[in-house]
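Subject: Structure handover

Hello,

Here is the structure I promised you. Please open it, then read my notes below.

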Amino acid sequence: MQFVNLAPQSLALKQFIQDQTLFPDTFNSTICDQDEMYLFALANHGTPDRACIRYYFNGRRILDSVRQVLKWQFGQLDRISSFLDFASGYGRFTRFLVQEIPPQNLWISDIYAQAVQFQIEQFGVQGIVSTTYPQDYPIQQSFDGILACSFFSHLPETTFLTWLQKLYSLLSPQGILMFSVHDRDLLPSHLAISSSDILFIPNSESRSLDMNEYGTSYVGENFVAQSLKTISQGEAVYSRIPKGICGYQDLYLVTRTPQKSLSSLKFTHHPQGKIERCELTLEGNLLLTGTIAEVNPNGQLDSILISINGRFVQNGLFSVKPHDSDAQWSWSYQLPLAEISQQDIILIKGVNTQGLEWVFETTTLENLIRTYAEYPIIHHL
């Protein structure tokens, strides 16, 4: 087993970790080279550096969502005596969670024994090698919190029901189960299904699992509701957060009894945006333009922040205006270039009024211009 650990070599990655983690000095950035989530990011973002940053950013976004639910349910995360991250892979999320919950209170589980061993060694958590069928799953203890992120989004109907029943059975009386699915709204019109249906397609990003058992599935809310009613004999109480995981997969919350109204959770989504271009102005500034979406009810964009080598720029010129879409804003930022070198690390992020962030880029100024400039301007700097 080999590891990918770019932190000692990459200043951009170091800067991202410094900005986006609770305890940067103890954050474990090591990635296994068999990690399918990292390999997927590498295929989409080209370089190991950019792939790592996207991989970590998604882990951080999952943490932000899960933390909101756990704080709502338990008040403080230190009240959680046992948490199970099911189908946890190689720890994209775990490496963030161990900075919030002591590793001795965390269990991780995956079908890949190598992934389980990797997390035990790297993060000091408890590990459970999972099984193809839930009746063979080798644990009986209960958990205060269970997360199955991007697991039920890959199952056919039969194992969707049986695994849902198994995880529900592992909940403590005060526990909460969180799992994500692909909602039917993500389907193209020619594949549309009703709210009571599930559509399973034998295709996924996994390079080794049987695609007839682990493919890609889409569900309607009524299907999930009926499944929960069936596996719990009507006991389970649930709530759905559309696109609650990374602005894409729906997040379902399930408890055994209505300890508190699930509707009382005021869940906040991350903003999402992109840089569209950069250009050099006549005044010698770098003009960055982009868009950012803010989908929270009554939510607003708070700021676009730019740091250079870890220090936030105080003298940039920032403007924002409504975009064509109700949920989108256009933004621009003029950055004085007089004292900035091509190899300085620039981090650009948007922050909404609820304090959640979208990191547009963390890279060198040279790479930023090369990526987004319509015309080559690096020679003018």
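Which residue is the bridge partner of E279 in β13? The partner is L287.

First, some ground rules. This is a predicted model: local features need pLDDT of at least 70, side-chain atom pairs count only at pLDDT 80 or more, and totals for chains, interfaces and linings use all residues. Residues are numbered from 1 along each chain as its sequence is written, and side-chain values use heavy atoms, without hydrogens and water.

**The hairpin.** β12 and β13 pair in the antiparallel sense, over eight bridges. Pairing takes at least two DSSP bridges between two strands. Four residues sit between β12 and β13 in this hairpin. In the turn, G284 has a positive phi of about 85 degrees. Strands are DSSP runs of E, at least two residues; helices are runs of H or I, at least four; both are numbered from the N terminus.

**Helix α8.** This helix spans residues 365-372. Its buried residues (under 20% relative accessible area, 1.4 Å probe, protein chains only) are L365, E366, L368, I369 and Y372. They lie on the same side of α8, because they cover an arc of only 165 degrees around the axis. The arc is taken from the directions from the helix axis to the C-beta atoms. What covers these residues includes β12 (272-280), β13 (285-293), β18 (345-352) and β19 (357-364).

Best wishes

Notes. Buried means under 20% relative accessible area, exposed over 50%, partly exposed in between (1.4 Å probe, protein chains only). Contact means heavy atoms within 4.5 Å.
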